[in-house]
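Please look over the sequence and the structure shown here before reading on.

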Amino acid sequence: MGKIVAFSGNQAIAEGMRQINPDVCAAYPITPQTELMQQFASFVADGVVDTELVTVESEHSAMSACVGAAAAGGRVMTATSAQGLALMWEILYCASGLRLPIIMTIVNRALNAPLNIHGDHSDAMGARDSGWIQLFSENAQEAYDNLMQAVRIGEKASVRLPVAVCYDGFIISHSIERMEMLEDEEVKGFVGPYQNLYHPLLDVAHPVTYGPVDLQDYYTEHKRQQVEAMKNALPVVLEIAEEYKKLSGRGFGYFEAYRLDDAEIGMFIMGSAAGTAKEVVDELRATGVKAGLLKLRLFRPFPYQEVAAALKNLKVLAVMDRAESFGAMGGPTFNELRSALLSLKTPPLTFNYIYGLGGREPSLAEIHKAFARAREVLTAGKAEILHDYLQVRE
Amino acid sequence: MSESKLKGWKELPIGGLILEPGNSEAYNTGTWRTFKPVLHPEICTHDLFCWLYCPDAAILVKDGKMVGFDMKHCKGCGICAKVCPHKPSAITMVKEGEAEEGDKGKETK
């Protein structure tokens with residue numbers, strides 16, 4: 001068994017990276033990721049890890065160095081937030097397109113402008129189509145557990161895709177919680193030595209070309225392969241979750257279904273606010289309201305069949321988005337869910353709340369407000385307002 | 001290269017990797033050409049400036065003599081015609097399809 005510690009999310013990930021001991025880490029500091037990498041840099045400086053830490057001049061360079069190191073044949077990790085992720089955007093597609101299983105922690109933060117350093121999902125949602133697997137975490141424990149599993153998921157031969165481990169800035173990254181760490185040896189055994197499964201550049205006896213021009217005659221086929229890799233990731237995520245659960249006693253597959261079985265009204269949510277929302281579900285249950293919740297862990301690939309199946313008995317569903325998709329029909333997860341639920345014979349009435357932008361953490365009362373709307377929709381038998389703001393001043 | 005010979009997505013290496021080294025030789029870049037080089041052997045003194053400057057490897061040399069062009073890889077850039085020290089040049093550029101090999105053709109700038 002591992003030991004119980006009091007860690008912030010950033011400490012948890014820095015310790016997790018120490019235990020994984022990647023070959024290369026290239027990163028650039030940005031709030032709220034900074035102390036994660038500061039802590040990891042101390043491990044490098046102290047010789048606690050063997051990692052080659054590349055202190056680059058920007059996030060564009062950070063991801064570029066990661067791509068080079070991963071193509072060379074190393075196990076590679078990095079971390080960023082917000083504008084940093086935005087600056088990486090071009091190279092995110094190189095990492096996934098070249099099928100390099102880089103592991104990146106995204107400490108979720110609002111995107112400027114106006115300038116805001118606090119938590120929301122705008123950064124990760126902006127990268128949702130970049131071909132990266134995305135895992136979301138409710139707390140430091142889940143972030144740590146996701147990091148361990150991300151290594152195995154991304155490196156699986158049938159997948160070979162980069163993986164992002166996401167957790168909310170400040171409320172997770174900088175808040176100290178009780179969590180359990182695995183023993184160093186357990187992590188070593190779980191992640192295993194890095195297998196250079198696919199034609200590393202440093203295998204000089206078998207020279208290969210990475211990144212040649214790929215025009216009308218082949219590009220479509222290579223994109224189709226990436227789609228297949230995402231599909232392949234679905235069973236792999238469950239398989240690795242099962243294995244990790246045996247080791248740690250913790251975890252779940254694609255999502256956590258909370259008091260959902262007999263629920264009439266439900267909430268769909270990702271990240272730290274799920275904890276607050278579960279508290280509200282308990283309060284509602286205590287007054288006889290059949291409320292439930294689905295907290296999504298795996299956003300990419302989106303497990304639409306399983307999510308729809310888990311929500312099929314609901315009469316009303318409130319979808320909570322911690323990012324806006326300007327001009328779209330609601331937030332990013334709302335779009336995914338409406339699509340997924342369309343396959344049901346009698347899908348629940350569904351509406352969308354945007355909440356938590358720029359670190360405006362939702363209170364219990366505000367989550368209650370969302371459930372109250374769900375109850376109104378249940379009574380009315382229709383959802384007239386599809387896209388609304390939970391916490392905005394009129 | 002006919003389309004039916006191209007591999008499907010299940011057969012191709014992932015990530016757009018090219019697994020065999022030196023395979024650019026198999027890629028027919030000669031189809032990119034608009035102008036093709038024409039050699040005038042009566043002017044050529046085999047100084048091999050063309051061979052030295054060719055950005056591909058499209059100048060064919062045998063026993064120290066310039067013997068012609070690798071038309072599968074020559075992209076028709078015209079550098080060989082430009083660097084030829086002879087006046088007039090021992091190589092002239094002719095628009096594809098307008099003249100046969102060995103034809104004097106029109107000299108390009």
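How far apart do the C-alpha centres of domain 1 of chain A and domain 2 of chain A lie? In this predicted model, those centres are 28 Å apart. The model carries an ipTM of 0.90 and a pTM of 0.91. The points below treat the domains, a pair of helices, the contact between the chains, and confidence in turn.

**Domains of chain A**

- The domain assignment of chain A places domain 1 at 3–248 and domain 2 at 255–389.
- Where these domains touch, domain 1 of chain A contributes 26 residues and domain 2 of chain A contributes 21 residues.
- On the domain 1 side of this contact, α5 (122–126), β6 (133–136) and α8 (219–248) of chain A each provide at least two residues.
- Of these elements, α8(A) gives the largest share of that side, with five residues.
- Sorted by class, the side of domain 1 of chain A that touches domain 2 of chain A holds 13 nonpolar, eight polar and five charged residues.

**Helices α3 and α4 of chain A**

- Helix α3 (residues 59–72) of chain A packs against helix α4 (residues 82–97) of chain A at an angle of about 25°, and their axes are 7 Å apart.
- Because angles under 35 degrees count as roughly parallel, α3(A) is roughly parallel to α4(A).
- The crossing of α3(A) and α4(A) is right-handed.
- From α3(A), the residues in the contact are Glu59(A), His60(A), Ala62(A), Met63(A), Ser64(A), Cys66(A) and Val67(A).
- From α4(A), they are met by Gly84(A), Leu87(A), Met88(A), Glu90(A), Ile91(A), Leu92(A), Cys94(A) and Ala95(A).
- The residues of this contact between α3(A) and α4(A) comprise 10 nonpolar, three polar and two charged.

**Contact between chains A and B**

- Chain B supplies 11 residues to the contact, and chain A supplies 18 residues.
- On the side of chain B that touches chain A, eight residues are nonpolar, three are polar and none is charged.

**Confidence in chain B**

- Chain B has a mean pLDDT of 89, with 86% of its residues at 70 or more.
- Over residues 101–109 of chain B, the pLDDT is below 50.
- Beyond near neighbours in sequence, this stretch of chain B has 14 contacts in the model.
- Where pLDDT is low, the predicted coordinates should not be read in detail.

Notes. Residues are numbered from 1 along each chain as its sequence is written. Chains are lettered from A and ligands numbered from 1 in the order in which they are written. This is a predicted model: local features need pLDDT of at least 70, side-chain atom pairs count only at pLDDT 80 or more; totals for chains, interfaces and linings use all residues. Axes are lines fitted to C-alpha atoms, for helices over the stretch in contact, and angles run from 0 to 180 degrees between N-to-C directions. Helices (H or I, at least four residues) and strands (E, at least two) are DSSP runs, numbered from the N terminus. Angles under 35 degrees count as roughly parallel, over 145 as roughly antiparallel, 65 to 115 as roughly perpendicular and the rest as oblique. A crossing is left-handed if the near helix is turned anticlockwise from the far one by less than a right angle, and right-handed if clockwise. Two residues are in contact if their C-beta atoms, placed from the backbone, lie within 7 Å. Ala, Val, Leu, Ile, Met, Phe, Trp, Tyr, Cys and Pro count as nonpolar, Asp, Glu, Lys and Arg as charged, and the others, Gly among them, as polar. Domain bounds come from an automatic or database domain assignment. pLDDT is the predictor's confidence in each residue, from 0 to 100.
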